[in-house]
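Hi everyone, thanks for coming. I'd like to walk you through one protein structure, a few spots at a time. Have a look at it first, and then we'll start.

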Amino acid sequence: MKMRRLGKNGLTVSAIGLGCMGMSWAYGAVDETEASATIERAVELGVNFFDSADVYGPFTNEILVGQALKRVRDRVVIATKFGNRRGADGRPIDPDGRPAYMREACDASLKRLGVDYIDLYYQHRVDRKTPIEETVGAMAELVRQGKVRFIGLSEASPRTIRRAHAVHPITALQSEYSLWTRDHEQEVIPTLRELGIGFVPYSPLGRGFLTGRIATPDQLEESDFRRHAPRFQRDNFNQNLRIVEGLKQMAAAKGVTPGQIALAWVMAQGDDIVPIPGTKRRQYLEENVAAAEVTLTADELRRLDQIAPRGATAGERYPEAAMRNIDR
């Protein structure tokens with residue numbers, strides 16, 4: 001596995017990471033045995049970057065990840081997140097970036113993961129009620145205490161990133177980025193590069209859509225949150241299939257899969273970008289990891305810009321309530 005450097009603070013990770021959310025939450029039925037085997041297989045393949053969050057489950061994904069990585073703790077980079085809260089009924093509530101809450105959340109994550117420190121700790125969503133300077137100042141204290149090695153943000157605007165970075169070096173921003181989500185190219189990515197901050201795209205496969213394996217929204221389980229996502233509603237879904245058809249044609253000509261083309265495109269956008277495709281099955285993990293060896297020519301990259309130009313995707317990324325928590 002090739003390695004990439006995230007930011008300029010000394011964090012080096014595998015060129016592809018593993019997003020672990022779907023192993024416990026949001027994508028239908030859960031199989032912890034297969035999920036654990038998938039994490040272990042990822043380590044065998046050279047993946048050392050694993051992503052979780054307290055809200056995944058909620059609270060169960062960190063336990064799963066910590067147990068699966070216990071024997072190789074000194075060889076892996078564990079990232080988790082706080083602040084994207086849910087109430088007792090499971091419904092989302094406002095993001096929480098209060099220092100007191102963040103300290104409690106960090107201690108709880110450390111316990112669930114079964115580790116002495118978190119390698120990369122993100123604020124999952126920006127809390128507009130708490131100045132980012134206060135939140136990041138408290139996160140910096142965790143670094144000084146040895147509970148956290150590096151800090152990051154998720155779905156933060158350029159203005160928030162600059163304010164946060166002025167308090168303590170931000171190592172990485174984690175936000176959605178793929179061929180069907182190119183919102184960050186105009187302002188966010190240039191800001192990150194100016195400041196020396198790495199970029200960790202989640203959902204680089206468009207929540208599985210770009211793999212071409214979802215022919216209709218009806219094949220998704222009732223418990224799969226994508227059934228309620230705007231881009232998976234029938235009219236939008238059918239429009240977005242044009243992107244998948246273009247990927248399938250290129251993949252067939254190249255002898256790879258559409259998902260590998262999509263991942264290779266993300267990785268080709270810069271050596272400071274480390275995608276974390278999520279999966280809960282070894283079969284798809286192996287396919288994703290192999291994408292690190294797929295090289296796209298200049299002509300192929302131009303063709304992909306034509307297949308999926310910025311703004312071409314039909315539908316918002318999340319339902320309206322969730323979009324309100326995106327810092328823009």
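Before the first spot, some wording: helices (H or I, at least four residues) and strands (E, at least two) are DSSP runs, numbered from the N terminus. An axis is a line fitted to C-alpha atoms, for helices over the stretch in contact, and angles run from 0 to 180 degrees between N-to-C directions. Also, keep in mind that this is a predicted model, where local features need pLDDT of at least 70, side-chain atom pairs count only at pLDDT 80 or more, and totals for chains, interfaces and linings use all residues. Residues are numbered from 1 along each chain as its sequence is written, and side-chain values use heavy atoms, leaving out hydrogens and water.

Okay, first spot. Two packed helices are described by the angle between their axes and the distance between the axes. Here, helix 2 (residues 60–69) and helix 3 (residues 99–113) have axes that come within 7 Å and cross at roughly 45°. Angles under 35 degrees count as roughly parallel, over 145 as roughly antiparallel, 65 to 115 as roughly perpendicular, and the rest as oblique. So helix 2 and helix 3 are oblique to each other.

Who touches whom? Contact means heavy atoms within 4.5 Å. On the helix 2 side we have E62, I63, V65 and G66, and they meet S109, R112 and L113 of helix 3.

Next, cysteines. How many disulfides does the structure hold? A disulfide is a pair of cysteine sulfur atoms within 2.5 Å, and the structure has zero of them. Take C20: the closest cysteine sulfur is in C106, 18 Å away, which is too far for a bond. C20 is also buried (under 20% relative accessible area; exposed is over 50%, partly exposed in between, with a 1.4 Å probe and protein chains only), at 0%. C106 counts as buried too, with 0% relative accessibility.

Now find H168, in the loop between helix 5 (158–167) and strand 8 (172–176). At 18% relative accessibility, H168 counts as buried. Leaving aside residues up to four places away in sequence, H168 touches V136, A140, V143 and I151.

Last stop: helix 10 (residues 298–307), where E300, L304 and I307 are buried. Looking down the axis of helix 10, its buried residues fall within an arc of 55°, so they line one face of the helix. That arc is taken from the directions from the helix axis to the C-beta atoms. The buried residues of helix 10 pack against helix 7 (234–254) and helix 8 (258–267). On the face turned away from the buried side, helix 10 carries the exposed residues D299 and Q306.
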